[in-house]
Amino acid sequence: MVKLHYLKNQRYNKLKSQCEKDERLFVDTEFPADDKSLFFSRAPPESVEWKRPKDISAPNPPSLFVDGFSRHDITQGKLGNCWFVASCSTLALEPSLLEKVIPDIKKQEWDPDDVGKYQGIFKFRFWRQGEWTEVVIDDLLPTIGGQLVYIHSSEKNEFWGALVEKAYAKLNGSYEALEAGNISDALVDFTGGVCESINLNDANYNEDEERRLAFFNNMQKAMSDRSLVGASISVNVT
């Protein structure tokens, strides 16, 4: 049985049961729908309205996934977290790992045949300091003009990317804390695995054909072993 740490000591089952008893949707006071959850060093550049998925996707009902999941599902929004978006897309290549981050996927999915199961509460898990940490969130998401501000899907009623992003923002303190990170950091947090980062410029692969061939062979082996592999480029601003 997996030993869990509960962020803010919030227990999903207990909170969901209380919402069901009170006949209300969950509102997370530990990560409130206000500007402090967005930025810690500055005010948001635009006025943000927090909305539930059902109010964003109308008239279509919301879903965690539309026609399954793939690396093409999600797109970066108005936040410098392309590294996190790339990590989520990479994670979507391996269903068994995605289901660790989003536990009980089928039970958490919106059920059109049993709308009473929906309480506006979701749970996600990330690997932190040697243990899995469960993060509970409400599904109030930042919007401008009725559109999601940050991660969004090509399908207007698909929300797994936006909700994972919110849970990771809560784990790190704010959405702003997700700016300028590394793919390797998120992949470790998603899997509990060990990551190796290689800088192709520092390793002088451009000048050494033998090293390039060895690197290519290592990449082939990693892919055959179903390892998660990501890549990024650095932009020189002059």
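Student: How much space lies in the largest cavity?

Tutor: About 30 Å³. As a general idea, rolling a probe the size of a water molecule over the atoms shows where empty space is left. On a 1 Å grid over the protein atoms alone, a cavity is a set of points where a 1.4 Å probe fits but cannot get out, whereas a pocket is an open set with protein on both sides within 12 Å along at least five of seven lines; lining residues have an atom within 4 Å of a point. Grid points are joined across faces, edges and corners, and the volume is the space filled by probe spheres set on the points. Before we go on, note that this is a predicted model: local features need pLDDT of at least 70 and side-chain atom pairs count only at pLDDT 80 or more, while totals for chains, interfaces and linings use all residues. Residues are numbered from 1 along each chain as its sequence is written, and side-chain values use heavy atoms, with hydrogens and water left out.

Student: Which residues line the largest cavity?

Tutor: The lining is made of L141, P142, L148, Y150, I151, A162, E165 and Y175. Strand β6 (141–144) and helix α7 each supply at least two of the lining residues; helices (H or I, at least four residues) and strands (E, at least two) are DSSP runs, numbered from the N terminus.

Student: How should I read the open spaces, and what volume does the largest pocket have?

Tutor: The largest pocket holds about 1400 Å³ of space. It has 34 lining residues, and E196, S197, I198, G230 and A231 are the closest to its centre. Elements giving two or more residues to this lining are α4, α8 (183–191) and α9 (209–224), with α8 giving the most, five residues. The lining divides into 19 nonpolar, 14 polar and one charged.

Student: Which residues lie nearest the centre of the second largest pocket?

Tutor: Those are E109, W110, D111, V115 and Y118, out of 20 residues in the lining. The volume of the second largest pocket is about 300 Å³. Helices α1 (12–22) and α6 (105–108) and strand β4 (121–128) each supply at least two lining residues.

Student: Helix α4 came up for the largest pocket. Is α4 buried or exposed?

Tutor: Burial is read from relative accessible area: buried means under 20%, exposed over 50%, and partly exposed in between (1.4 Å probe, protein chains only). Eight of the 10 residues of α4 are buried, so this helix is largely enclosed by the rest of the structure. The buried ones are W83, F84, V85, S87, C88, S89, T90 and L91. Their cover includes β3 (74–75), α5 (95–101), α7 (160–172) and α8, where contact means heavy atoms within 4.5 Å.

Student: What does the UniProt annotation say about C82?

Tutor: An unreviewed UniProt entry carries the annotation "active site" at C82. UniProt positions are given in the numbering used here, feature names are shortened, and annotations may be inferred rather than shown by experiment. C82 lies in α4, which covers residues 82–91, and is partly exposed at 48% relative accessible area.

Student: How many aromatic pairs are there?

Tutor: The rule is that rings of Phe, Tyr and Trp (its six-membered ring) pair if their centres lie within 6.5 Å; planes under 30 degrees apart count as stacked, over 60 as edge-to-face and the rest as tilted. The count comes to 14. One of them, W127 with W132, is edge-to-face, at 5.5 Å centre to centre and 75 degrees between the planes. W127 is partly exposed at 25%, and W132 counts as buried at 12%. Ring pairs also link W83, F84, F126, Y168 and F190 into a cluster.

Student: Where is there a cis peptide bond?

Tutor: A cis bond joins A58 and P59, with omega about 10 degrees. P59 sits in the loop between α3 (53–57) and β3.

How values were computed:
Nonpolar A, V, L, I, M, F, W, Y, C, P; charged D, E, K, R; others polar.
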